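Q: Please show how the features of a structure are read one at a time, with the general idea before the particular case.

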Amino acid sequence: MAKGTILSIDAMGGDAAPGVVVDGLAVLLADRADISVLLHGNEPVLAPLVAAQKALAGRCQIIHSDTVITSDMKPSQALRRGKGSSMWNAIEAVKNGEAGAAVSAGNTGALMAISMLILRKMEGVHRPAMTALWPTLRGRTVVLDVGANLEADAAQLVSFAIMGEAYARAALGIAKPSIGILNIGSEEMKGHDEVREAHEWLRAAKLDIDYRGFVEGDDISKGAVDVVVTDGFTGNVALKAGEGVARMLGSRMREAFTASLMTKIGAALAMAGLKTLRSQMDPSNVNGGVLLGLGGVSVKSHGGTDARGFAKACELAADLASSHYRDEILANLSRIREGGLAAE
């Protein structure tokens, strides 16, 4: 295979796998000459799909897996029965140094459980966090946690801030990302004890980070900060609410611009702007959630993504694999421990 970044791909995970996965890899490799892939899954099924894509020639090695982690499998079941599956083998290739990152569009809970078991946690990380890239008026904002931990104490929120800051630099190319903690108000007396304590720790910590204090829910879409820190319950609710609003707006806009001949003419005149708006709101352009805090890179693609969306998740994985974000996380977590500001 071609030299460069090697990605380990679960070909069988996702609503339309393996077809969408292979098509997505073709989109990716057509644009990125520096990437090659290990494709884990049912070889008799995958071989003709891969052979039909010229972009994969010489850059895609199929590694046969007999079993698949199903979408309805509980994390505990995946840990007991998942060894040898396409998802398990994709992650294990990262642990063994055969690939720089793993990508799967399969069962989210199973992916988190298997990733934590195989890749382990980084030193100083009590609980890993799942990220999301949120479209905003200024571009993209990193939000974490969005589902890995229903609750988070102050020490965990501090570690989320450190991980999110390094991730934003690697994924978004921001030299010094700004950070805020999600709260019900910007005043220091508001919020529960864990949020206020994490706020004080980050203000007192001698870290080279741009911490801005509390942000509110509407600040996420404004792009008020580059990294928004919260617990997994709140983050997941906010994420799903945001996705629902985006779908509703898209539906209402289609209705409005097709209601009459005049609105259709108006839509035609505004087509360039509407295409830009659609691109900005398209989930495929921000696909890929990363489980931060592990000893390797594991990226979760939306299960219902299209080929372009899967390619975006893989591109994110490749960029993270070639970055130094995990070294930056370890350095800042070490400073926190040395300062006695957070317990592991």
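**Helices**

Q: What should the 15 residues of helix H12 (residues 307–321) span at 1.5 Å a residue?

A: The expected span is 1.5 Å times one less than the number of residues, so for H12 it is 21 Å, in agreement with end C-alpha atoms that are 21 Å apart. The model is predicted: local features require pLDDT of at least 70 and side-chain atom pairs pLDDT 80 or more, whereas totals for chains, interfaces and linings use all residues. Residues are numbered from 1 along each chain as its sequence is written, and side-chain values use heavy atoms, with hydrogens and water left out. Helices (H or I, at least four residues) and strands (E, at least two) are DSSP runs numbered from the N terminus.

Q: Which residues of H12 are buried?

A: An α-helix has 3.6 residues a turn, so residues three or four places apart point the same way. Buried means under 20% relative accessible area, exposed over 50%, and partly exposed in between (1.4 Å probe, protein chains only). In H12, the buried residues are Gly309, Phe310, Ala311, Ala313, Cys314, Leu316, Ala317, Ala318 and Leu320. Ala313 has a relative accessibility of 0% and therefore counts as buried; its C-alpha atom is separated by 7.5 Å from that of Lys300, 13 residues away along the chain.

Q: How is helix H6 (residues 154–172) read, and how far does it reach from its first C-alpha to its last?

A: H6 has 19 residues and reaches 26 Å, close to the 27 Å expected at 1.5 Å a residue. H6 is mostly covered, with 15 of its 19 residues buried. At its start, a side-chain oxygen of Asp153 comes to within 3.2 Å of the backbone nitrogen of Ala155. Just after H6, Gly173 takes a positive phi of about 70°.

**Backbone geometry**

Q: Where do cis peptide bonds occur?

A: Most residues other than glycine have a negative phi, and most peptide bonds are trans. Here a cis peptide bond joins Ala17 and Pro18, with omega about 0°; Pro18 is placed in the loop between strand E1 (5–10) and helix H1 (19–31). Another cis peptide bond, with omega about 5°, joins Leu144 and Asp145, and Asp145 is found in the loop between strand E6 (139–144) and H6.

Q: What is the phi of Arg120, and is this residue buried or exposed?

A: Phi of Arg120 is near 65°, which is a positive value in a residue other than glycine. Arg120 lies in the loop between helix H5 (108–119) and strand E5 (129–136). Its relative accessibility is 53%, so Arg120 counts as exposed.

**Cysteines**

Q: How many disulfides does the structure hold?

A: A disulfide is a covalent bond between the sulfur atoms of two cysteines, and the cut-off for such a pair is a separation within 2.5 Å. The structure holds zero disulfides.

Q: How many cavities of 30 Å³ or more does the structure hold?

A: Rolling a probe the size of a water molecule over the atoms shows where empty space is left. A cavity is a set of points, on a 1 Å grid over the protein atoms alone, where a 1.4 Å probe fits but cannot get out; lining residues have an atom within 4 Å of a point. Grid points are joined across faces, edges and corners, and a volume is the space filled by probe spheres set on the points. The structure holds two such cavities of 30 Å³ or more.

Q: Which residues line the second largest cavity?

A: The second largest cavity has a volume of about 50 Å³. Its lining consists of Gly13, Gly14, Asp15, Ala16, Ala17, Val20, Val21, Ala105, His302, Gly303, Thr305 and Phe310. These divide into six nonpolar, five polar and one charged. In this classification, Ala, Val, Leu, Ile, Met, Phe, Trp, Tyr, Cys and Pro are nonpolar, Asp, Glu, Lys and Arg are charged, and the others, Gly among them, are polar.

**A polar contact**

Q: Which side chain is joined to that of His40 by a polar contact?

A: A polar contact is a pair of N or O atoms within 3.5 Å; within protein, one must be able to donate a hydrogen and the other to accept it, and residues adjacent in sequence count only if both atoms are side-chain atoms. The side chain of His40 has a polar contact of 3.0 Å with that of Ser8. His40 is found in strand E2 (residues 35–41) and counts as buried at 2% relative accessibility.

How values were computed
1 Å grid on protein atoms, 1.4 Å probe; cavity = no way out; pocket = protein on both sides within 12 Å on 5 of 7 lines; lining within 4 Å.
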